[in-house]
Amino acid sequence: MLASLKSKIKRIKRLNFKVRIGLIMFLSLLVIATIFSYIDTQIRLKGVDPTTPWIAERFLPPSPQHPLGTSQNGADVLGSMLVALRNTLIIGIISGTITTVIATFLGFLSAYKGGVYDYIIRNVTDFMLVVPSWPILAVMAAYIRKIDVIGISLILSIFNWSWAARTIRSQVLSLKEKPYVDLARVSGLGDMEIVFKELMVNLLPYIVVSYANSITNAILAETGLRLIGVGPAELPTLGFLLQMYLVAGFLTTRVYVAALIVALIAMTFLSLNFINMGLEEIYNPRLKKITGM
Amino acid sequence: MNRRIYIYLVKRLISYIVVVFAAISIAFFLFRLVPGDPIKSYLYQMQTLQGFHLEEQTTQQIIQYYIEKFSLNRDPFTQYISFLRELILHHNLGPSFLAFPKPAQELIMEKLPWTIGLLSISTLMSWIIGNFLGALIGWKRDTKIDRTIFILALGFSQIPFYILGVVFILVFCLMLRIFPLGGAFSPNVSPEQIWNYIISIISHATLPSITLMFASFWGWVISMRSLTINVLGEDYLLFAEAKGLKKIRLFTRYVFRNALLPQVTGLGLSMGFIMSGSVIVETLFMYPGIGTLFSMALGRLDYNVLMGCIILMVFSVATSVLIIDLLLPFVDPRVRGD
């Protein structure tokens with residue numbers, strides 16, 4: 001087992017090209033959204049939150065003080081974009097983490113314990129997959145007026161865990177029949193030890209893949225929600241800004257602002273999808289054989 | 001065998017009813033748990049709304065009627081029973097808010113044809129073209145055409161469709177001005193000028209439709225390609241080839257047909273999502289369908305319309321899954337188990 005782990009680590013070390021590009025893109029987006037945004041706020045705006053309304057006149061054209069001008073409520077466009085990017089990424093990461101934890105727990109419980117647990121979890125998962133969860137999510141987000149980053153991430157996770165739970169469940173099911181699990185059980189290891197020492201280690205790749213997937217799904221759902229105008233204005237994200245600038249008519253008056261936001265959203269998804277595709281290739285070589293790429 | 005099919009059908013029908021019923025009930029109670037009690041804020045909003053085209057008295061009468069019909073001053077469980085009674089027996093959702101005295105169900109029925117038209121045509125077209133292209137490049141696997149289209153498909157399938165919608169609006173509506181934006185037809189044509197009317201409808205639906213097709217098209221291409229490649233490895237194909245059948249016959253009768261079956265199931269599933277899949281696209285293009293109605297209702301917190309839309313969405317997904325499950329044993333002998 002150690003040998004197989006070593007070879008896995010080796011494979012991760014020479015991470016394939018797609019994962020590397022995706023990671024570099026994602027990390028640089030994170031750096032821009034946090035460090036660069038912080039410096040920009042401190043130096044250019046002297047510590048004032050760029051999303052504050054009436055920081056300056058409305059609809060100012062670009063100037064050294066406001067490189068991308070100001071929006072319809074007089075907030076600094078460049079600064080708002082960076083803050084929005086940060087919020088989007090943070091929501092994605094937090095929600096992805098919560099989703100993965102829920103899905104891993106339920107997947108393990110369902111497949112390892114079996115019986116009643118399995119019956120209930122499997123049926124709830126199937127139910128969640130059939131029900132169009134996005135509209136329900138939208139309605140909830142519309143009614144809950146005061147919500148912070150954690151709250152919105154939690155709601156996104158509640159409607160997002162079913163796919164991941166299903167994948168992890170099926171993997172645990174196939175893994176727990178492996179001889180080394182029997183061996184561990186015979187040699188007197190407890191359930192917890194087996195789960196963490198034997199199963200979790202081997203499932204890590206799948207968990208990582210579903211983690212990356214969950215982040216993508218959370219950002220996809222969140223951006224979609226904001227784009228139709230749902231969600232708190234105090235928590236600007238890329239979708240919210242895009243919607244706001246569309247309403248302001250920036251598609252005709254200031255195309256570069258709209259284009260920049262679209263580019264940021266596209267970059268976010270591109271980086272995540274590169275990571276997803278690369279990880280799938282590493283951990284699922286069969287896929288490569290089928291698709292031939 | 002007949003008996004087994006009967007048992008299967010009955011089981012399937014029961015679980016369908018349970019799923020629809022459970023989903024509606026969960027939606028109903030979920031919204032009572034949301035902070036800020038939707039019903040109360042709804043009544044409050046209605047009371048303050050009175051007026052711009054209605055007498056205050058009429059407004060009060062409607063509100064009173066609504067409270068009585070739906071037992072809104074009673075406990076949640078009684079409300080639930082009244083809600084179900086009105087929904088099932090009278091198809092009544094209560095007054096809407098967007099077009100005040102008008103009942104929510106009428107508003108929804110007005111918008112429904114546009115969404116069904118737009119979405120079913122887009123879904124079908126995307127399915128047909130996508131599968132054909134996928135089968136073709138699978139058939140010609142490892143050639144230059146296959147590689148280019150496959151890489152394009154991988155790339156495009158990862159772009160969120162609403163981003164594409166924004167780009168389409170920018171390029172085709174605002175910069176090139178080829179397609180009009182907003183509405184289902186332009187206000188200055190009437191249904192009497194039948195040709196202008198049809199052309200207007202088509203030109204308004206083109207961009208939303210292409211955006212929606214983009215959302216699913218590349219997925220069909222990718223999955224059909226791998227299904228085709230799987231079929232290509234089968235023995236019966238080798239035999240058919242050895243018999244000396246023509247290539248075109250091999251492709252249409254042996255490869256395409258066999259690879260298509262899982263995709264039929266997929267088509268059924270995505271037909272179920274035609275109500276819920278269009279919210280963002282319709283809103284972006286201001287297309288007067290269920291999606292736009294839904295996001296407008298979200299903005300005004302129009303509780304009854306929202307409930308109606310969600311019921312419709314749950315219903316359409318569950319029903320299409322049911323139809324697939326009922327048809328599958330007749331199409332695929334393996335499911336029948338004989």
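Colleague: Which domains is chain B divided into?

Modeller: Chain B splits into domain 1 (3-90) and domain 2 (104-336). Keep in mind that this is a predicted model. Taken over C-alpha atoms, the centres of domain 1 and domain 2 of chain B are 32 Å apart.

Colleague: How many residues of domain 1 of chain B are in contact with domain 2 of chain B?

Modeller: On the domain 1 side of chain B there are 22, and they meet 18 residues of domain 2 of chain B. Between them the two domains of chain B bury about 1900 Å², with 72% of it on carbon and sulfur atoms. In domain 1 of chain B, the residues losing the most area to domain 2 are B:Arg12, B:Tyr16 and B:Tyr42, together 28% of what that side buries.

Colleague: And which residue forms a salt bridge with B:Arg12?

Modeller: That's B:Asp325, with the closest N and O atoms 2.5 Å apart. The count between domain 1 and domain 2 of chain B is one salt bridge, and three residue pairs there are in polar contact. As for helices, α1 (2-33), α2 (38-49) and α4 (76-90) of chain B each supply at least two residues of the domain 1 side that touches domain 2. The most comes from α1(B), with 14 residues. By type, that side of domain 1 of chain B divides into 18 nonpolar, one polar and three charged residues.

Colleague: Over to chain A: is A:Ser214 buried or exposed?

Modeller: Buried means under 20% relative accessible area, so A:Ser214, at 5%, counts as buried. A:Ser214 sits in helix α9 (residues 191-227) of chain A, and its side chain reaches the backbone oxygen of A:Ser210 at 2.6 Å.

Note on methods:
Residues are numbered from 1 along each chain as its sequence is written. Chains are lettered from A and ligands numbered from 1 in the order in which they are written. This is a predicted model: local features need pLDDT of at least 70, side-chain atom pairs count only at pLDDT 80 or more; totals for chains, interfaces and linings use all residues. Side-chain values use heavy atoms; hydrogens and water are left out. Helices (H or I, at least four residues) and strands (E, at least two) are DSSP runs, numbered from the N terminus. Buried means under 20% relative accessible area, exposed over 50%, partly exposed in between (1.4 Å probe, protein chains only). A polar contact is a pair of N or O atoms within 3.5 Å; within protein, one must be able to donate a hydrogen and the other to accept it, and residues adjacent in sequence count only if both atoms are side-chain atoms. Domain bounds come from an automatic or database domain assignment. Contact means heavy atoms within 4.5 Å. Buried area is the accessible area (1.4 Å probe) that two parts lose on being put together, summed over both. A salt bridge is a side-chain nitrogen of Lys or Arg within 4 Å of a carboxyl oxygen of Asp or Glu. Ala, Val, Leu, Ile, Met, Phe, Trp, Tyr, Cys and Pro count as nonpolar, Asp, Glu, Lys and Arg as charged, and the others, Gly among them, as polar.
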